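Good morning, and thank you for joining.

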Amino acid sequence: MYAVIENGSKQYKVCEGDVVRVEKLNANVGDTVEFNVVMVSDENGVKVGSEVAAAKVTAKVEAQDKFKKIVVFKYKAKKNERKKQGHRQPFTAVKIEKITL
C-alpha cells in the first residue's frame, strides 16, 4: 500500500516506514504531523479525488536540517563581473507511521 501526499506544492510517493525529506514544517522533533492525501493505492486498486477525502497519512518528525550546500556562480564573460553565492535549503525529515483510509 502506498499513498501520494502533498506538501509545499510538491507531491511525494510514500509507504509506511519510509523516511521522507519534505519542505520545512513548523514542528518540533518528535511531533506528529498529518498530510493531505492526493491518491491511495492498495490491494483493491487506486483511489483518487473524493474517495480519499477521509484518508490520512500520519508521520513523526525525525529531524529539522538543511541540505548540502550548492554553489551558485554567475559571471559575465570579458567584463570581470563575478558573483558567488551558496545556498542550503532547509528540510524536515519525517517517518511515515500510518496510512489510513
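Which residue in S6 does valine 33 stand opposite? Valine 33 stands opposite alanine 59. Before I continue, let me state the basis of what follows. This is a predicted model, in which local features need pLDDT of at least 70 and side-chain atom pairs count only at pLDDT 80 or more, while totals for chains, interfaces and linings use all residues. Residues are numbered from 1 along each chain as its sequence is written, and side-chain values use heavy atoms, with hydrogens and water left out.

I turn to the strands. Strands are DSSP runs of E with at least two residues, numbered from the N terminus, and two of them pair if DSSP finds at least two bridges between them. Strand S4, residues 32–42, and strand S6, residues 56–66, run antiparallel and are joined by 4 bridges. S6 is also joined to strand S9, residues 90–100, by 10 bridges, again in the antiparallel sense. Within that pairing, lysine 56 stands opposite threonine 100 in S9.

Strand S9 also holds alanine 93. Is alanine 93 buried or exposed? Alanine 93 counts as buried because its relative accessibility is 8%; buried means under 20% relative accessible area, exposed over 50%, and partly exposed in between, with a 1.4 Å probe and protein chains only. The C-alpha atom of alanine 93 is separated by 6.5 Å from that of valine 19, although the two residues are 74 apart along the chain.

Next, the hairpin. Strand S7, residues 70–76, pairs with S8 in the antiparallel sense over 7 bridges. The two strands form a hairpin with 4 residues between them. Lysine 78 lies in the loop between S7 and S8 and has a positive phi of about 65 degrees although it is not a glycine. With a relative accessible area of 85%, lysine 78 is exposed. A second residue of this kind is serine 9, a residue other than glycine whose phi is positive, near 60 degrees. Serine 9 is in the loop between strand S1, residues 2–7, and S2, and counts as exposed at 72% relative accessibility.

Let me now consider the charges. How many salt bridges does the count come to? The count comes to 3 salt bridges, where a salt bridge is a side-chain nitrogen of Lys or Arg within 4 Å of a carboxyl oxygen of Asp or Glu.

One of them joins the side chains of lysine 10 and glutamate 23, at 2.7 Å from N to O. This pair links distant parts of the chain, with lysine 10 in strand S2 (residues 10–14) and glutamate 23 in strand S3 (residues 19–23), 13 residues apart. Lysine 10 is partly exposed at 38%, and glutamate 23 is partly exposed at 23%.

Another is formed by aspartate 42 and lysine 47, whose closest N and O atoms are 3.8 Å apart. Aspartate 42 is buried, with a relative accessible area of 13%, whereas lysine 47 is partly exposed at 22%.

There is also the pair of glutamate 81 and lysine 76, whose side chains meet at 3.9 Å, N to O. Glutamate 81 is partly exposed at 41%, as is lysine 76 at 49%.

Finally, the surface. Patches are made of residues with over 30% relative accessible area and no salt bridge, with like charges joined within 9 Å and nonpolar side chains (Val, Leu, Ile, Met, Phe, Trp, Tyr) within 5 Å. Accessible areas come from the Shrake-Rupley method with a 1.4 Å probe.

Which residues gather in a patch of positive charge on the surface? They are Lys24, Lys66, Lys69, Lys84 and Arg88. Lys and Arg count as positive here, and the place of a charge is taken as NZ of Lys or CZ of Arg. Lysine 84 is found in strand S8, residues 81–87, and counts as exposed because its relative accessibility is 64%.

Opposite lysine 84 stands phenylalanine 73. Phe73 in turn belongs, with Val71 and Tyr75, to a nonpolar surface patch of about 350 Å². Valine 71 lies in strand S7 and is exposed, with a relative accessible area of 55%. As a general point, side chains in a regular strand alternate between the two faces of the sheet.

Thank you; I would be glad to take questions.
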